[in-house]
Each structure stands twice: as C-alpha cells, then as structure tokens.
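Hi,

Here is the structure I promised to pass on.

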Amino acid sequence: MPHRRRRALGAFLSLFLIAAGAPAPAASLEYVGTFVWSGDDDSFGGFSGIELSEDGSRFHALTDRAHLYWGSIERDSQGVIRAMNTAGRAHLKDSKGRPLPPGYTGDSEGLAIGQDGRIWVSFEGLDRVALYADPDARARPMKPPPKLPGMRLNTGLEAVAIRDGTLYAVPERSGSEAEPFPILTFRDNRWGRAGEIRRDPRWLAVGADFGPDGWFYLLERDFQGILGFASRVRRMQLTENGPANEEILLTTRPLQYDNLEGIAVWHDGQGIRLTMISDDNFLFVQRTELVEYRLRD
C-alpha cells in the first residue's frame with residue numbers, strides 16, 4: 001500500500017476509534033538497532049531534531065547550533081542502519097541572511113518538514129519559530145510565541161511536529177512538575193492552543209512527530225546526574241477536546257542510550273518505526289546515536 005494511502009487509512013481508523021468510544025489498542029515496541037554516527041566537521045554534533053522521508057531512506061538532522069544536515073540512510077536486509085551518507089549541510093540564517101551564531105539566537109531545537117518541503121525550526125533562548133523555503137534560504141519572520149510558565153532561558157519550544165499545515169509545539173518545561181505541558185499551534189502566522197499533555201515529575205519534552213497512524217508521539221528526557229539520561233516515548237491522539245488515549249510506549253534505563261532529543265515516526269513496510277537521535281553536547285564522553293524501535297499493535 002502506498003505510504004500516503006497507509007497514512008490516510010491510519011488517520012481514518014484513529015478517528016473511527018474516537019468516534020466509537022473504543023479504547024486504543026495495546027501497543028509494544030521491539031528494539032531494531034542502534035547506529036553510532038560520527039563526522040569530521042566542526043559543526044557535527046549536538047543533534048536535537050530529525051526528520052525522515054516516508055520510507056525512512058532520507059534524513060534531515062538539526063544541530064542545536066543552527067546547522068542542518070541531510071542525506072541518505074543505508075540499511076541491511078533486516079532494516080538496521082549501516083551508514084548515514086551526508087549529501088549536504090547548511091548553516092541556517094536569520095531573516096537578513098546572516099548565519100546564526102551559537103547561543104542565544106542560534107539555539108535551534110525542534111525540526112519539522114511539511115508536505116510542501118518547507119522547513120520549520122524552533123529556537124530557544126530567543127524563543128521563536130522560523131520558516132525556511134530551503135536550507136540555504138533566509139528565515140521568514142514569524143509572530144513570536146506567547147510567553148508561557150516554564151519557558152525560561154534554555155527551556156523554550158523544544159518539540160515540534162506538523163500535520164495538515166499546522167505546526168504543533170510543546171515547550172521543554174511547564175510551569176512546575178505538577179502542571180501539564182501546553183500544546184501550542186501555529187497556522188497562518190497565528191498562535192493557538194490544542195490542549196494540555198499530562199506531565200510526570202522530572203520528565204521534560206524534547207521531541208515530537210506525527211506518525212502515519214495519525215497519532216502524536218512525544219519524546220521525553222530525564223537527566224539523573226552521574227547516572228546519565230533516561231528517555232521515554234508516549235503517544236496520544238490529538239482531538240478537538242485535547243489529547244486522548246495516551247500510552248507510554250517506551251521507558252529506558254539511565255545510560256541505556258545517550259541524550260535522545262529528536263524523533264521521527266514512519267512506516268517501514270512491516271510496522272511503524274521510531275527513529276531517535278541523540279545530542280552529544282559536543283562532548284567527547286558522549287556520542288551521536290540513532291536508536292530505532294518498531295511499534296507492534
């Protein structure tokens with residue numbers, strides 16, 4: 001079945017379940033593999049966002065210093081990543097065409113690519129979203145997001161995903177560990193709200209994507225000091241009344257993986273695949289990992 005038809009069928013089934021009041025089907029994840037990616041460029045590292053093509057063969061990966069990489073993915077007969085082939089790299093620009101410096105104005109965190117090929121990037125520090133016609137284009141100025149509790153320096157809009165031309169954004173923190181994450185929407189240069197996501201203590205929102213099944217997938221992180229990072233993936237359906245049928249699909253042990261910050265959800269022909277990428281913080285003790293799981297409903 002072509003990917004677009006499969007995605008449409010998945011979305012239809014999700015809406016049918018909501019309308020019928022049926023419980024969401026139980027799901028589990030099976031581990032596929034981990035690939036350690038390395039590069040010689042000074043800009044390589046700090047990856048905070050990733051987008052894959054519908055068949056998982058091409059990638060765009062965003063660093064937190066405003067560099068965007070893209071290329072192809074080689075897989076073996078089992079679908080495990082064996083190579084990341086970089087075809088290009090761009091230093092993202094501001095609205096005046098100037099390369100963004102690392103730090104306050106160039107802290108790029110979230111990545112979403114629409115069906116039209118336009119590239120959406122969220123920044124924290126100077127909280128905003130920017131729209132790029134292509135990786136070498138100037139940023140298109142956009143209305144700044146509303147200031148929300150918890151959106152302090154380095155805790156801005158971290159997780160973004162796009163569906164039907166509407167951008168959905170979740171800040172890294174809420175006002176407190178007891179308060180839910182707000183879901184912001186952005187369309188036609190206007191900000192809105194799409195409800196709230198329950199927050200559990202310690203977990204922070206770091207990545208998001210819509211799957212071909214129509215579900216919203218949220219990647220979260222818990223930093224436990226010398227014990228390292230733990231990661232969690234939840235999925236839910238975003239309805240007119242807010243999130244519904246939430247499921248926790250994955251909770252990793254501390255140090256099981258590196259600092260997973262970006263997530264892409266796609267269909268590999270056997271099931272829905274989750275591809276996550278880690279931010280090595282440009283530290284030699286960390287590494288850039290691509291970690292993959294397959295969803296079994």
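Below is what turned up, going from a strand pair to a pocket and then to the salt bridges.

One thing to keep in mind: this is a predicted model.

**A strand pair**

Start with strand S8, residues 128-132. All 5 of the 5 residues in S8 are buried, so this strand is largely enclosed by the rest of the structure. You can check that on both faces: Arg128, Ala130 and Tyr132 are buried on one side, and Val129 and Leu131 are buried on the other. The partner of S8 is strand S7, residues 119-123, and the two run antiparallel with 5 bridges between them. If you want a place to start tracing the pairing, isoleucine 119 has tyrosine 132 in S8 as its bridge partner. Together S7 and S8 make a hairpin with 4 residues between the strands, and in that turn glycine 125 has a positive phi of about 105°.

What sort of residues make up the lining, by class? There are 16 charged, 9 polar and 5 nonpolar ones. Strand S14 (residues 216-223) gives the largest share of the lining, with 3 residues.

**Salt bridges**

Side chains of opposite charge can pair when their charged atoms come close. Searching the whole structure gives 24 salt bridges, and here are some to look up.

- Glutamate 261 pairs with arginine 221, with the closest N and O atoms 2.5 Å apart. This pair links distant parts of the chain, since glutamate 261 is in strand S17 (residues 260-267) and arginine 221 is in S14, 40 residues apart. Both glutamate 261 and arginine 221 are buried.
- Glutamate 220 pairs with arginine 232, and their closest N and O atoms are 3.0 Å apart. Glutamate 220 sits in S14 and arginine 232 in strand S15 (residues 229-239), 12 residues apart. Glutamate 220 is buried at 0% relative accessible area, and arginine 232 is buried at 4%.
- Arginine 294 pairs with glutamate 30, again with N and O atoms 3.0 Å apart at the closest. Here strand S19 (residues 288-296) holds arginine 294 and strand S1 (residues 28-37) holds glutamate 30, 264 residues apart. Arginine 294 is buried at 7% relative accessible area, while glutamate 30 counts as partly exposed at 30%.

Cheers

Definitions and conventions
Residues are numbered from 1 along each chain as its sequence is written. This is a predicted model: local features need pLDDT of at least 70, side-chain atom pairs count only at pLDDT 80 or more; totals for chains, interfaces and linings use all residues. Side-chain values use heavy atoms; hydrogens and water are left out. Buried means under 20% relative accessible area, exposed over 50%, partly exposed in between (1.4 Å probe, protein chains only). Two strands pair if DSSP finds at least two bridges between them. Ala, Val, Leu, Ile, Met, Phe, Trp, Tyr, Cys and Pro count as nonpolar, Asp, Glu, Lys and Arg as charged, and the others, Gly among them, as polar. A salt bridge is a side-chain nitrogen of Lys or Arg within 4 Å of a carboxyl oxygen of Asp or Glu.
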